[in-house]
Amino acid sequence: QAQLVESGGGLVQPGGSLRLSCAASGMRFTNYAVAWYRQAPGKQRELVAAILRGGGTQYLDSAKGRFSITRDNRIDTTYLQMNGLKPDDTAVYYCSATPWNGGYTYWGQGTQVTVSS
């Protein structure tokens, strides 16, 4: 069964860093575009970062210069490195995988990131 599992979330102080991981099973990342989304309470889910067809990247404006998305197809894993975290970054973070040619998008269960003193 294809699935995505996020890890690495937790409580961190403002200015701190976290690296989120998303490991896939039952699928091969080489055939998928990968992305990270987040959703804060009472707000809509928003795209944080993505790796597009051809290897290009896309970031939420507020994340540019602070967050970095990478992937390692050898182990079917994508990462979101988050530096200079702010309280507004507090949310549940989800990874996703979408076939290059379109189709069903797989979602992880999410990992909580809380930025607070």
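Tutor: Helices (H or I, at least four residues) and strands (E, at least two) are DSSP runs, numbered from the N terminus. This is a predicted model, where local features need pLDDT of at least 70, side-chain atom pairs count only at pLDDT 80 or more, and totals for chains, interfaces and linings use all residues. Residues are numbered from 1 along each chain as its sequence is written, and side-chain values use heavy atoms, with hydrogens and water left out.

Student: OK. What stands opposite Ala-50 in E6?

Tutor: Gln-58 does. E6 covers residues 57–59 and runs antiparallel to E5, with three bridges joining them. The two strands make a hairpin with five residues between them, and Gly-54 in the turn has a positive phi of about 95°.

Student: Which residues partner Arg-38?

Tutor: Glu-46 is its bridge partner in E5, and Tyr-93 is its bridge partner in E9. E4 and E9 are antiparallel as well, joined by eight bridges.

Student: Is E4 enclosed or open, and why?

Tutor: Six of its eight residues are buried, so E4 is largely enclosed by the rest of the structure. Buried here means under 20% relative accessible area, exposed over 50%, and partly exposed in between (1.4 Å probe, protein chains only).

Student: Switching topic: how many disulfides?

Tutor: The count is one, taking a disulfide as a pair of cysteine sulfur atoms within 2.5 Å. Cys-22 and Cys-95 form it, with their sulfur atoms 1.9 Å apart. Distant parts of the chain are linked by this pair, since Cys-22 sits in E3 (residues 18–25) and Cys-95 in E9 (residues 91–99), 73 residues apart. The link is right-handed, with 55° about the S-S bond.

Student: Are those cysteines buried or exposed?

Tutor: Cys-22 is buried at a relative accessible area of 0%, and Cys-95 is buried at 0%.

Student: What about Asp-89, where is that?

Tutor: Asp-89 lies in the loop between E8 (77–82) and E9, and it is buried, with a relative accessible area of 2%. Its side chain makes a polar contact of 2.8 Å with that of Arg-66. A polar contact is a pair of N or O atoms within 3.5 Å; within protein, one must be able to donate a hydrogen and the other to accept it, and residues adjacent in sequence count only if both atoms are side-chain atoms.

Student: Last one: which residues have the most contacts inside the largest nonpolar core?

Tutor: Leu-4, Trp-36, Phe-67, Leu-80, Met-82 and Tyr-93, in a core of 28 residues. Such a core is a set of buried Ala, Val, Leu, Ile, Met, Phe, Trp, Tyr and Cys residues joined through side-chain atoms within 4.5 Å.

Technical notes:
Two strands pair if DSSP finds at least two bridges between them.
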